[in-house]
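Here's a quick briefing on a protein model, arranged by topic. Have the viewer open while you read.

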Amino acid sequence: MDSSKITPWEMYKACKTGFTRQPVPSSRTLQDGSTTTSVKETANALLHNFFPDDSTDSDNGKQKSTRAQITYLRSPDSQPEPNFTEHEVDEVISKLDESKCPGLNGIDGNIVERLQKYLPKVWFALYNKCFPKVWKNARVIAISKADKTKLRSVEGYRGVSLLSGPGKFLEKLVIERLNHFLETTGQISSLQFGLTAGRSTADAIKTVSDFVGHSRKRGRKCCVLALDIAGAFDNAWHPGILARLRKLKCPPNTYNMVKDFLCDRTAHVTLGNSLSSKRVTKGSPQGSAS
């Protein structure tokens, strides 16, 4: 917990009263200034805000070429990785977080762990065969952002995806394989911090601080440019991701698993008694291992 933002008294109050999630009101303001008039309309608006559509209408020449390449070309012509081993599967499942909420199918980490204990071949066999469509359904929870001035708008909320336990463990297996490939082939920049083993965001701050200190000692001026990319997770372009993996000659079975993970995804939001669903064509679910 960041002690610079939360005082001890606020921490005490939170511990005493518990953490509650305020329900999303039935009427919210849209980006064009109009207002939703029903719970169903608000749920649909939240889904479209959390998961923008990947439209071909706005494609430029390069994007059209990339999309066609991914559609018609085969997987990379490179050496495939061996199948997941029983040890890999057991290692990933042993690190489960029992506090995580399950997705729509209700299969949480506890169920996965018990099956692994009594039927250890089940997940090993499944994970080496496919990424079932049912594991790609997300139950989305709308969480209010820190900026309280935007709570009357759909933009004042962040969508966190609750995913199927088995799917999350398969994701972790694929991500570990993909990271190993990128690291061993020197594809990860030495200036990449965060989401990288041994290099946290704290290391990034220290690197900048050391650079500034070194520059001052040498009598030089330096400048820091900080950028915050809005909606980075929500707008990750699937054809671009796959094209990049092809260019890097990613192992074909890992490539196909990532491609399968990105396809046929759906998101569901429940407000009151209203359930809204949407096909996800862009972005990566916030809350997934990837």
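Does Thr66 count as buried or exposed? At 12% relative accessibility, Thr66 counts as buried, where buried means under 20% relative accessible area, exposed over 50% and partly exposed in between, with a 1.4 Å probe and protein chains only. Keep in mind that this is a predicted model, in which local features need pLDDT of at least 70, side-chain atom pairs count only at pLDDT 80 or more, and totals for chains, interfaces and linings use all residues. Residues are numbered from 1 along each chain as its sequence is written, and side-chain values use heavy atoms, with hydrogens and water left out.

**The chain overall**

- The protein chain has 10 helices and 4 strands; helices (H or I, at least four residues) and strands (E, at least two) are DSSP runs, numbered from the N terminus.
- Going along the sequence, the pattern reads α-α-α-α-α-α-β-β-α-α-α-α-β-β.
- Taken along the principal axes, the C-alpha atoms fill a box of roughly 65 × 55 × 50 Å.
- Of the chain's 290 residues, 33% count as buried.
- Take the contacts (heavy atoms within 4.5 Å) between residues at least 6 apart in sequence: 70% of them join residues at least 24 apart.

- Thr66 sits in helix α3, residues 61–72.
- Not counting residues up to four places away in sequence, Thr66 touches Trp237, Pro239, Gly240 and Ala243.
- Val212 belongs to helix α8, residues 201–217, and counts as partly exposed at 24% relative accessibility.
- Val212 and Arg158 are 54 residues apart along the chain, and their C-alpha atoms are separated by 35 Å.

- Setting aside neighbours within four places in sequence, Val89 is in contact with Phe84, Gln116, Trp123, Phe124, Tyr127 and Leu173.

**α7 against α10**

- These two helices pack at an angle of about 140°, with their axes 10 Å apart; axes are lines fitted to C-alpha atoms, for helices over the stretch in contact, and angles run from 0 to 180 degrees between N-to-C directions.
- That angle makes α7 oblique to α10, since under 35 degrees counts as roughly parallel, over 145 as roughly antiparallel, 65 to 115 as roughly perpendicular and the rest as oblique.
- On the α7 side, Leu170, Glu171, Val174, Arg177 and Leu178 make the contact, and α10 brings Thr254, Met257, Val258 and Phe261.
- By class, the contact has 6 nonpolar, 1 polar and 2 charged residues, with Ala, Val, Leu, Ile, Met, Phe, Trp, Tyr, Cys and Pro taken as nonpolar, Asp, Glu, Lys and Arg as charged, and the others, Gly among them, as polar.

**α9 against α10**

- Here the angle is about 180° and the axes are 11 Å apart, so α9 is roughly antiparallel to α10.
- His238, Leu242, Leu245 and Arg246 of α9 meet Tyr255, Val258, Lys259 and Leu262 of α10.
- The residues of this contact divide into 5 nonpolar, 1 polar and 2 charged.
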